[in-house]
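Hi,

Here is the structure I promised to pass on. Have a look at it first, and then read my notes below.

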Amino acid sequence: MSPYAGTLLLQIMPLIKATVLRTIKPVGCEDHQEIVQDATAMAADMLDSSERNGKALIPKSVAFYAVQAAKSGRRSTYAGRSDAFSSA
């Protein structure tokens, strides 16, 4: 990840945290901090893949899509059926 993507991630993190605290209800043993960390990891992955493909991203858009993925039950590490909190 480039330094530019790192500064974008620093702009995205407060957006994710504020949105997660307002909109996502933790399930089971999850807490808001864990969901924020997963959404931040997904945002970092989005930034990394867009940087490799040469595409520019808007921080608000990355935060929106990371939070939407977290809302649907996806996590940064795994989204298969054997995950207890999986959306599948």
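F64 is partly exposed because its relative accessibility is 44%, and here buried means under 20% relative accessible area, exposed over 50%, and partly exposed in between (1.4 Å probe, protein chains only). Y65 reaches 51%, so this residue counts as exposed.

Before you go on: this is a predicted model, where local features need pLDDT of at least 70 and side-chain atom pairs count only at pLDDT 80 or more, while totals for chains, interfaces and linings use all residues. Residues are numbered from 1 along each chain as its sequence is written, and side-chain values use heavy atoms, leaving out hydrogens and water.

Back to those two. Searching the whole structure turns up 1 aromatic pair. F64 and Y65 make it, edge-to-face, with 5.1 Å centre to centre and 80° between the planes. (Rings of Phe, Tyr and Trp, the last by its six-membered ring, pair if their centres lie within 6.5 Å; planes under 30 degrees apart are stacked, over 60 edge-to-face, the rest tilted.)

What about salt bridges, meaning a side-chain nitrogen of Lys or Arg within 4 Å of a carboxyl oxygen of Asp or Glu? The count is 1: D48 and R52 meet at 3.2 Å, N to O. Both sit in helix α2 (residues 32-52), 4 residues apart, about one turn of the helix. (Helices, H or I of at least four residues, and strands, E of at least two, are DSSP runs numbered from the N terminus.) D48 is partly exposed at 24%, while R52 is exposed at 61%.

T40 is in helix α2 too, and it is buried because its relative accessible area is 14%. Leaving aside residues up to four places away in sequence, T40 touches L9, M13 and I16 (contact is heavy atoms within 4.5 Å).

Cheers
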